[in-house]
Amino acid sequence: MCEANGDGAWVHVATIDALPIGSVTQVGVNGQPVALYNVAGTIYATSDICTHSQAYLSEGYLEGDMIECPLHQGTFHVPTGRAVGPPVTDDLPTYAVRTTDGAVFVKPNTSAPASH
Ligand code: FES
């Protein structure tokens, strides 16, 4: 499902009702696994693949705005994708998100990871 706008296509990935506060959920965006996070009612999206050794972050533990990887417990700051806790050192790509009438859309192009 796509919706075109002046900036390109947004991909409809979920409904807001399917993303409870404090949850992280994997969706597909153009064949790429993307993690959707509901942080206190705001939806964020990052690559779902940990930059350390490719575990799925959607199987990890979301606490506040930090996601802990399920494999080696590295942590990332969800809104920026920044790697903040070892052993991760490389940041996550992030995606623009918008919500309209209960529908959640993700822009397929990732933003560059935050710089340190
Ligand atoms: S795979 Fe994520 S911290 Fe190792």
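Residues 24 or more positions apart account for 39% of the contacts in the chain with a separation of 6 or more, two residues being in contact if their C-beta atoms, placed from the backbone, lie within 7 Å. The structure is a predicted model, in which local features need pLDDT of at least 70 and side-chain atom pairs count only at pLDDT 80 or more, while totals for chains, interfaces and linings use all residues. Residues are numbered from 1 along each chain as its sequence is written.

The secondary structure comes to zero helices and 11 strands, where helices (H or I, at least four residues) and strands (E, at least two) are DSSP runs numbered from the N terminus. Read along the sequence, the chain accordingly follows the pattern β-β-β-β-β-β-β-β-β-β-β. Of its 116 residues, 31% count as buried; a residue is buried if 20 or more other C-beta atoms lie within 10 Å of its own, exposed if 12 or fewer, and partly exposed in between, with C-beta atoms placed from the backbone.

In soluble globular proteins, nonpolar side chains tend to be buried together. When residues up to four places away in sequence are not counted, Val 13 touches Val 27, Val 29, Leu 36, Val 104, Phe 105 and Val 106.

In the hairpin of E4 and E5, which has two residues between the strands, Ala 40 has a positive phi of about 55 degrees although it is not a glycine. Ala 40 is placed in the loop between strand E4 (32–39) and strand E5 (42–47), and this residue counts as exposed because it has 8 C-beta neighbours inside 10 Å. A positive phi, near 65 degrees, is also found for Gln 73, a residue other than glycine, in the loop between strand E7 (66–68) and E8. Gln 73 counts as partly exposed, with 13 C-beta neighbours inside 10 Å.

Four strands form an open sheet in the order E6-E7-E8-E9, with antiparallel pairing. The edge strands are strand E6 (61–63) and strand E9 (82–85), each of which pairs on one side only. Neighbouring strands of this sheet are turned by 30 degrees against each other on average, direction ignored, where axes are lines fitted to C-alpha atoms, for helices over the stretch in contact, and angles run from 0 to 180 degrees between N-to-C directions. Strand E8 (residues 75–77) and E9 pair in the antiparallel sense over three bridges, and the bridge partner of Phe 76 in E9 is Ala 83.

Ala 83, which lies in strand E9, is buried, with 22 other C-beta atoms within 10 Å. Leaving aside neighbours within four places in sequence, Ala 83 is in contact with Thr 51, Gly 74, Phe 76, Val 88, Thr 89, Asp 90 and Asp 91. Ala 83 and Met 66 are 17 residues apart in sequence, and their C-alpha atoms are 9.8 Å apart in space. A cis peptide bond joins Pro 86 and Pro 87, with omega about 10 degrees, and Pro 87 is placed in the loop between E9 and strand E10 (94–100).

Notes
Pairing = 2+ DSSP bridges.
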